[in-house]
Amino acid sequence: MEIKKKIKQTWNNWRASNSDAVKILVTGGTGYIGSHTVVELQQAGFEVYIVDNLSNSNIDVLNGIEKITGKMPVFENIDCTDYVAMDRFLSKHEGIQAIIHFAASKAVGESVKKPLLYYRNNVVSLINQLELMSIHHIKGIVFSSSCTVYGQPDVLPVTEAAPRKTALSPYGNTKQICEDIIMDTIYSNDQLKSIILRYFNPIGAHPSAYIGELPNGVPNNLIPFVTQTAAGIRDELKVFGSDYNTPDGTCIRDYINVVDLAKAHVVAVQRMLENKTKKNVEIFNLGTGRGLSVMEIIKTFEKVNKVAVPHQIVEHREGDIEQVWADPTYANEELGWKAEESVEDTLKSAWKWQKYIMKKADK
């Protein structure tokens, strides 16, 4: 609740000197993190515009957003790699002041199998946004990056000062490339600003259960596979490796509640628009500061939701990092943001969402 109060207070102060609702473009806004961020933006008073090609999301997400906020965001089905379509959209909706860029392919394992898809989707889509920002007088961009840029860190927890390592997957490499493109672009044009948010592992769903993580096809991320297995949609969950150098042999990640993560984007946009950034490109780690193993997540999910998750240990998955978790101190102190939700409540929200979508499907 502290973060929500801070966002509201900051926004009210800023709105006092800005009478019109501020327009924000959210690319990939019907996706998992994007949809939760749209909710938080609308609840903070922003006028939100969404472009998404629905390649890994569902148009029904818009109804969920409206149920939560009471307002349907402007939406157009556009692929962000289509420069002409994006230019036409921004000409149609003049006055957008900032972009939050989520639109990208995001599965580590899939990126190893389909590298060109990832380079096209992730890199070209960003280049288009950056080129069009100058043309349409857009002030700043918040970029959805990832802790994968750190590779397997030498020191844990990971601070923003940690060196980026050679990427272990094409997905991770696209995030490094995109960060470099942003830095070079902002350096060449001091009228633009960017905040790069390096996520750790977002999980869970909105407490209302009206929106959550629902990938098309077979899930690539852990939690939707856990919930679908618990629901009997999948026969069993595959745990990739049990002989890593961790207490129980399974990979360790920093799992952050998706609503907590979404709130950080609101704070970041406000920081850019209020010219409170200390330099034209800022980077923040978004995590809890706590690492949990895959088996810890499975056991905690089973305990708090009182359901079984059949699982089997299989071979390592190419591109996976052994263990990584954040030192979120800089984001806590500089942004005034902090992850607040417990992993137990987060896993409860994920199961609530799974039951909600199953109930809808039965109608």
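Me: Gly204, Ala205, Glu213, Ile223, Pro224, Thr227, Ala350 and Trp353 line the largest cavity, and I understand that the model is a predicted one. How is such a feature to be read, and what volume does the largest cavity have?

Reply: Rolling a probe the size of a water molecule over the atoms shows where empty space is left. In this structure the largest cavity has a volume of about 50 Å³, and it belongs to a set of two cavities that reach 30 Å³ or more.

Me: Which elements supply at least two residues each to the lining of the largest cavity, and how do the lining residues divide by class?

Reply: The elements that each give at least two residues are α8 (222-230) and α12 (343-362), with α8 providing the largest share, namely three residues. By class, the lining of the largest cavity consists of five nonpolar residues, two polar residues and one charged residue.

Me: Which residues line the second largest cavity, and what is its volume?

Reply: The second largest cavity has a volume of about 40 Å³, and its lining is formed by His101, Phe102, Ala103, Ala104, Asn122, Phe143, Ser144, Lys175 and Cys178. Two or more of these residues come from β5 (140-146), and two or more likewise from α7 (170-188). The classes here are five nonpolar, three polar and one charged.

Me: Turning to helix α4, which of its residues are buried, and where around the axis do they lie?

Reply: Within α4, which spans residues 83-92, the buried residues are Ala85, Met86, Phe89 and Leu90. Because these residues cover an arc of only 130 degrees around the axis, they fall on the same side of α4. The face turned away from that buried side carries Val84, Arg88 and Lys92, which are exposed.

Me: What covers the buried residues of α4, and which residue caps its N-terminal end?

Reply: The covering elements include β1 (23-27), β2 (47-52), β3 (74-77), β4 (96-101) and α6 (115-135). The N-terminal end of α4 is capped by Asp82, one of whose side-chain oxygens lies 3.2 Å from the backbone nitrogen of Val84.

Me: Asp82 is also in contact with Asn128; where is Asn128 placed, and which backbone oxygen does its side chain reach?

Reply: Asn128 lies in helix α6, and with a relative accessibility of 6% it counts as buried. Its side chain reaches the backbone oxygen of Thr81 at 3.1 Å, while its contacts, leaving aside neighbours within four places in sequence, are with Cys80, Thr81, Asp82 and Tyr83.

Me: How should I read backbone geometry, and which peptide bond here is cis?

Reply: Most residues other than glycine have a negative phi, and most peptide bonds are trans. In this model the peptide bond from Leu156 to Pro157 is cis, with omega near -5 degrees, and Pro157 is found in the loop between β5 and α7.

Me: What phi do Ala209 and Asn275 have, and is each of them buried or exposed?

Reply: Ala209, although not a glycine, has a positive phi of about 70 degrees; it lies in the loop between β7 (201-203) and α8, where its relative accessibility of 2% makes it buried. Asn275, also not a glycine, has a positive phi of about 55 degrees; it is placed in the loop between α9 (258-273) and β11 (281-286), and a relative accessible area of 56% makes it exposed.

Me: How accessible is Ile313, and which residues does Ile313 touch?

Reply: Ile313, in strand β13 (residues 311-314), has a relative accessibility of 39% and so counts as partly exposed. Not counting residues up to four places away in sequence, Ile313 touches Val239, Gly241 and Ser242. The C-alpha atom of Ile313 is separated by 16 Å from that of Asn245, a residue 68 residues apart from it along the chain.

Methods: Residues numbered from 1 in each chain as written. Predicted model: local features only at pLDDT ≥ 70, side-chain atom pairs only at ≥ 80, totals over all residues. Heavy atoms only, no water. Buried < 20%, exposed > 50% of the residue type's maximum accessible area, 1.4 Å probe, protein only. Helix = DSSP H or I, 4+ residues; strand = E, 2+ residues; numbered from the N terminus. Arc of directions from axis to C-beta. Contact = heavy atoms within 4.5 Å. Polar contact = N/O pair within 3.5 Å; in protein donor to acceptor, adjacent residues only side chain to side chain. 1 Å grid on protein atoms, 1.4 Å probe; cavity = no way out; pocket = protein on both sides within 12 Å on 5 of 7 lines; lining within 4 Å. Points joined across faces, edges and corners; volume = space filled by probe spheres on them. Nonpolar A, V, L, I, M, F, W, Y, C, P; charged D, E, K, R; others polar.
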